[in-house]
Amino acid sequence: MNVIICKNYEEMSQKAADIVVQQVTQKINSVLGLATGSTPLGLYQKLVKAYHDKDISFKDVTTYNLDEYMGLDVSHPQSYHQFMYKHLFSQIDIDLSNTHLPKNDHHHMQECAKAYHKLLSKTAIDLQILGIGSNGHIGFNEPGTPFGNEVFIVELDEQTRNDNKRFFNHIDEVPTHAITMGIKNIMRSKHILLLASGIEKSESIYHMIKGPVTENLPASILQLHPNVTVIIDEKAASKYLENA
Ligand code: PGA
């Protein structure tokens, strides 16, 4: 793992954007794996700026998102479909037909998982962006998820629903299930770029880098991937630095 420690969120976002720009410059038809949540927002803002500055074009880029809440209408402001459209897709020159998020019809959950799995198996992700949960999840692969999983339906961890309740009016509105790429899908990416900022991520970052590879801390699997870049701010790095 190549671990890069930045002063703050701003620097983390800029360094991540530089890597994405470099990837798409080298291969204009790159396939990007995208994440949602607070962490990549700064990265997406930087990419929008890079597009306006003509440093990058997404015309030939294809994207696949990691996950989506189950049963939340895709027009719901907290759906990841809306998140991606608002924060990135609507502001760049990407062809929307080249952007992919898992379908999330809760009456047909297994069919949705099969369909996304089929789509992913026809492609190879060049660069996968990841955040990390305070419980060490990546995508919605919660602690205890088998490493062998491919796209599947997950019942969300209590800690994850609590972490995400800030986006909803009430905890009861936070969906209980999601559809997510499995660890196996994520590990197939050629290059993985994991971002984290803030003290609340320091514990999971420490275990991801230094701890045993265990399904109890899903991100620890990344120790076994040959090409992982971890970009974190000083707060997220604090426990790792204390024990380095
Ligand atoms: P966050 O979520 O970026 O909103 O902290 C990260 C994650 O849960 O993967």
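Start with the lining of the largest cavity: eight nonpolar residues, one polar and no charged. (Ala, Val, Leu, Ile, Met, Phe, Trp, Tyr, Cys and Pro count as nonpolar, Asp, Glu, Lys and Arg as charged, and the others, Gly among them, as polar.) The residues in that lining are Leu32, Leu34, Leu47, Phe58, Val61, Thr63, Leu88, Ile92 and Ile94.

The largest cavity holds about 30 Å³ of space, and the count of cavities of 30 Å³ or more comes to one. On a 1 Å grid over the protein atoms alone, a cavity is a set of points where a 1.4 Å probe fits but cannot get out, while a pocket is an open set with protein on both sides within 12 Å along at least five of seven lines; lining residues have an atom within 4 Å of a point. Points are joined across faces, edges and corners, and a volume is the space filled by probe spheres set on them.

## What you're looking at

This is a predicted model, where local features need pLDDT of at least 70, side-chain atom pairs count only at pLDDT 80 or more, and totals for chains, interfaces and linings use all residues. Numbering runs from 1 along each chain as its sequence is written, and side-chain values use heavy atoms, with hydrogens and water left out.

## The largest pocket

Now for the open space. The largest pocket has a volume of about 750 Å³. Its lining takes in 35 residues, with Thr36, Gly37, Ser38, Arg166 and Phe167 nearest the centre. By class, that lining has 13 nonpolar, 16 polar and six charged residues.

Helix H3 (80-87) is one of the elements that supply at least two lining residues, and H3 gives the most, with five. (Helices, H or I with at least four residues, and strands, E with at least two, are DSSP runs numbered from the N terminus.)

## The ligand

The ligand sits in the largest pocket, meaning that more than half of its atoms lie within 2 Å of the pocket's grid points. Around the ligand are Gly37, Ser38, Thr39, Gly131, Ile132, Gly133, His137, Arg166 and Lys201, each with a heavy atom within 4 Å of it. That shell has one nonpolar, six polar and two charged residues.

Polar contacts here are pairs of N or O atoms within 3.5 Å. A polar side-chain atom of threonine 39 lies 2.4 Å from a ligand oxygen; for histidine 137 the distance to a ligand oxygen is 2.6 Å, and for lysine 201 it is 2.6 Å.

Notes:
Polar contact = N/O pair within 3.5 Å; in protein donor to acceptor, adjacent residues only side chain to side chain.
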